[in-house]
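Please keep the sequence and the structure in view while reading.

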Amino acid sequence: LPAEPPALELPCRAACLIDQQTGTVLYEKNADQQMPIASITKVMTLLLTFEAIHNGQLTLETTVPVSEHAYHMGGSQIWLEPGEQFTLDEMIKAICVSSANDAAVAVAELVGGSEQGFVQSMNARAAELGMTNTVFHNACGLDAEGHLSTARDVAVMSRYILNTCPEVLHYNGITGLKTGTTSGAGVCISASATRDGLELIAVVLGAPSSSDRFDAATTLLDYGFAAYRAVPLPAVEDQPLLIKVKGSAEESVPLDYSALPGTLLMPKEGGAALTARADLPDALDAPVQQGQAAGTVRVLSGETLLGEYEISAAADAPKMDFGTAFGLLRDALTGRDG
């Protein structure tokens, strides 16, 4: 996996199709070639904005002032006037729906103190996400010397925002994530779509026209849905719910299987039956901390390993100290229970 894809006719300079859940690349064309990405830049602007909301720095009701700098952005905009005030919720809507450059820069100034300060955060976040071929010079995506990314990096960024900030879809409806057009970038899109439990993200950069952009994205998504399926994870064989603990007053701790995905990405054609097996020791040694790794679940297609997922301890089991041990011994000797 993935199967050898056919050569798709894609009217664009670069493209990348990935599975949203696993990040597996299903199709690529010039995916690591650096090029301008126009307003898809705003996906990073939105990501940092939603993260600022999640960590309590801002709320959707926060007022966003409009500076002279934001007012003079040019390109697609909602013609904000300097000194006008909108809520962050209204500004996010303008960025998502109208791809407004003035709104994007006003929000960047609010979150980062200045657009340049915000751009530093954009680049730092890109590095953390493994977007190795991306450099941002502004918060809105207007053509700027050296402001570049790649189809693969845009796919990584798009997957991250969709998985961690699902509210972004509340603004965009279900038709996608972000479109963008500048003379330098050509016509671009990062689109997400779901069918029968399979979630795909298609990135198209440098298409000559809007209709070419949508044709290329549709071709990618149609290929992905035709070639792959989301298969429910099989039940784990002999799945223990508890594991013994040595050296603790707690005799066992419950196990947490939440790291297991609900579905697995599989080619539509062929593929042996799936099995899932828990690989656990007989016991854990105290102290055990909630969340620590206890073992793994291995998912196999026939003999082929498809994935390994962590099983963790769902509670603490402190190491037994002398006093606890003595108390248990005394209770046992005097016939008292617990």
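In what follows, a residue is called buried under 20% relative accessible area, exposed over 50%, and partly exposed in between, computed with a 1.4 Å probe on protein chains only. By that scale Ala293, at 45% relative accessibility, counts as partly exposed. The model is a predicted one, in which local features need pLDDT of at least 70 and side-chain atom pairs count only at pLDDT 80 or more, while totals for chains, interfaces and linings use all residues. Residues are numbered from 1 along each chain as its sequence is written, and side-chain values use heavy atoms, with hydrogens and water left out.

Ala293 is placed in strand E15. Helices (H or I, at least four residues) and strands (E, at least two) are DSSP runs, numbered from the N terminus. Leaving aside residues up to four places away in sequence, Ala293 touches Glu310, Ile311 and Ser312, where contact means heavy atoms within 4.5 Å. The C-alpha atoms of Ala293 and Ala38 are separated by 42 Å, and these two residues are 255 residues apart along the chain.

The helix packing may be followed from H4. Axes are lines fitted to C-alpha atoms, for helices over the stretch in contact, and angles run from 0 to 180 degrees between N-to-C directions. Helix H1 (residues 41-54) packs with helix H4 (residues 101-112) at an angle of about 40°, the two axes being 10 Å apart. That angle makes H1 oblique to H4; angles under 35 degrees count as roughly parallel, over 145 as roughly antiparallel, 65 to 115 as roughly perpendicular and the rest as oblique. The crossing of H1 and H4 is left-handed, a term used if the near helix is turned anticlockwise from the far one by less than a right angle, with right-handed used if clockwise. On the H1 side the contact involves Lys42, Thr45, Leu48, Thr49 and Ala52, and on the H4 side Asn101, Ala104, Val107 and Val111. These residues of the contact of H1 with H4 comprise five nonpolar, three polar and one charged. In this classification Ala, Val, Leu, Ile, Met, Phe, Trp, Tyr, Cys and Pro are nonpolar, Asp, Glu, Lys and Arg are charged, and the others, Gly among them, are polar.

H3 also packs with H4, at an angle of about 135° and with axes 8 Å apart. The two helices are therefore oblique to each other, and the crossing of H3 and H4 is left-handed. Leu88, Met91, Ala94 and Ile95 of H3 make this contact with Ala103, Ala104, Ala106 and Val107 of H4. The contact of H3 with H4 has eight nonpolar residues, no polar and no charged.

With H5, the arrangement is as follows: the axes of H4 and H5 come within 7 Å and cross at roughly 80°. That makes H4 roughly perpendicular to H5. Val105, Ala108, Glu109, Val111 and Gly112 in H4 meet Glu115, Gly117 and Phe118 in H5, and the contact of H4 with H5 divides into four nonpolar, two polar and two charged residues.

Which residues have the most contacts inside the largest nonpolar core? In this core of 56 residues they are Met44, Phe50, Phe136, Ile161 and Leu205. A nonpolar core is a set of buried Ala, Val, Leu, Ile, Met, Phe, Trp, Tyr and Cys residues joined through side-chain atoms within 4.5 Å. Elements that give two or more residues to this core include strand E1 (14-19), helix H3 (88-98), helix H5 (115-128) and strand E7 (198-207). H1 provides the largest share, eight residues. Among the residues touched by Phe136, not counting those up to four places away in sequence, are Met44, Val119, His147 and Met157. Apart from this core lies another, of 24 residues, including Ala15, Ala216, Leu221 and Phe225.

The loops hold some backbone features to inspect. Most residues other than glycine have a negative phi, and most peptide bonds are trans. Ser99, in the loop between H3 and H4, has a positive phi, near 50°, and at 10% relative accessibility Ser99 counts as buried. Asp238, in the loop between strand E9 (236-237) and strand E10 (242-246), has a positive phi near 45°; at 74% relative accessibility Asp238 counts as exposed. The peptide bond from Ala286 to Pro287 is cis, with omega near 0°, and Pro287 lies in the loop between strand E14 (283-285) and strand E15 (293-301).
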